[in-house]
Amino acid sequence: MNLRNFFKGNPRTVKAKKNIAASFCLKGIDAVVYLLLVPVTLDYLNPYEYGIWLTLNSVLMWINTFDIGLGNGLRNKLATAIAQNNKKLGKIYVSTTFLMLIILMGSVIVIGSILQPFINWYDILNTSPDRVRSLDSIVYLAFLIFCLNFIFKIIGNIYLAMQLPAVNNAMVVTGHLLSLIVIFILTKTTQGSLLWVALTYSASPLLVYLIAYPITFWETYPFLRPSLKDFKRIYLKDLFNIGVQFFILQLSGIILFALANLLISHMFGPEKVTPYSVAYRYFSLLPMVMTLILAPLWSATTDAYAKGDEIWIKQTIHTIKKILGVAAIFIIVMIVLAPWVYQIWIGGEVHISEPLSCIMGIYVFILISSLAFSSILNGIGKLRLQTLNTVIMALLFIPVCYYLGKHYEIIGIVAGMCIVNSSGLILNYLQVNKLINHTAKGIWAQ
């Protein structure tokens, strides 16, 4: 393919292609870092402690739901304001979102501090003080840092709205790379400590966002710099209308995607989280690649929808279907190669069975297919059906996975994840096709 021709065509498409290309380079680095973090952290912690950290990390991800969808609401509203060349409105949206997040996360910190003495993490994670010391304090410190991190990661949403996901990816990669460097240094200078791992993983991205803040608002986009005088409560309605639906999707999604670690730890012990997580990390390379492709398409779809460019949206959906076909073949190859990859990657310290790899591959394909079509729906703001389905599936997640886990252990839990996520894939696919064919009515059009 001629590189010059690849970067020609519709300006929106060209911008998306350039960001996808840049993101691939960045995520290539991130994929290596992501994979190296597993053996390096396992070298610092034992599989039992590592399983505890993975479970804690998934629980702390719940904090991401407390923005009530404001981050993604800002992404859509800011993209629309920029498409209409209304910089003043863009500044109002940024200021209103940023200050509201400070208020919300401040409230979360206060509530968490009040509840912290009454939560017994040893019981929740099915572990004992003899094996891990000061677990409650470790969770609380990581919780505080994650809250601060969530306020400042709004910077990433701004670059996403500007159809510059490569910049957001650069910040994410830098945070991961910093974590890897610090953990590696710790393996050479200190003995294994769950506290240091928790602080490193949670503080590294925060440091990156703190550095990016003045660069973004004083150098790159000074016209978007948040200020108290530009906080307009009346615009909260605009952000919340779509933001609340994003919040419900986020909350339900965390239950569907992140609660598995907690369920496995509670049912079978923290050490069983490690093989599940290693298998997921291996196959999550594909969702990582899909995210690179989908990230610029989300805001580009918002821009196209705001300008009435249906042809571009249809062409994009057609391309996504082709990509998913290639992804299916790639997953089959990954399943076949899994035993050899595990051996090279982590040696014999953690055993991952072939059935677990197979069912994990199926789950990941269901996940990326559902996300592919939901990215189009998110871009044009059609969230009602997604929201309703995701809530129902979140309610079914624990009973389905618990029942299957009792009979088939970890494989049963992943099979349950496949079952509850399949409806999202089917409904998202049907809704996208109804919308582009102008046959969507009722909830299908919402």
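Contact here means heavy atoms within 4.5 Å of each other. Helices are DSSP runs of H or I with at least four residues, strands are E runs of at least two, and both are numbered from the N terminus. The model is a predicted one, where local features need pLDDT of at least 70 and side-chain atom pairs count only at pLDDT 80 or more, while totals for chains, interfaces and linings use all residues. Residues are numbered from 1 along each chain as its sequence is written, and side-chain values use heavy atoms, with hydrogens and water left out.

To start with the helix pair, helix H7 (residues 135-152) packs against H10 at an angle of about 15°, and the two axes are 9 Å apart. Axes are lines fitted to C-alpha atoms, for helices over the stretch in contact, and angles run from 0 to 180 degrees between N-to-C directions. H7 is therefore roughly parallel to H10 (angles under 35 degrees count as roughly parallel, over 145 as roughly antiparallel, 65 to 115 as roughly perpendicular and the rest as oblique). The crossing of H7 past H10 is left-handed, a label used if the near helix is turned anticlockwise from the far one by less than a right angle, with clockwise being right-handed.

Next come the charged side chains. A salt bridge is a side-chain nitrogen of Lys or Arg within 4 Å of a carboxyl oxygen of Asp or Glu, and by this rule the count is three. Asp230 pairs with Lys88, with the closest N and O atoms 2.9 Å apart. Asp230 sits in the loop between helix H10 (194-220) and helix H11 (236-268), and Lys88 in helix H5 (residues 87-115), so this bridge ties together parts 142 residues apart in sequence. Lys91 also meets Asp230 in a salt bridge, at 3.8 Å from N to O. Lys91 lies in H5 too, so that pair links parts 139 residues apart in sequence. The bridge between Lys229 and Asp230 comes in at 3.6 Å, N to O. Put together, Lys88, Lys91, Lys229 and Asp230 are linked in a network of salt bridges.

Asp230 is buried at 1% and Lys91 is buried at 15%, whereas Lys88 is partly exposed at 46% and Lys229 is exposed at 62%.

Ser357 is in helix H15 (residues 354-380) and is buried, at 2% relative accessible area. Leaving aside neighbours within four places in sequence, Ser357 is in contact with Phe283, Ile335, Ala338, Tyr342 and Ile352.

Conventions
Buried means under 20% relative accessible area, exposed over 50%, partly exposed in between (1.4 Å probe, protein chains only).
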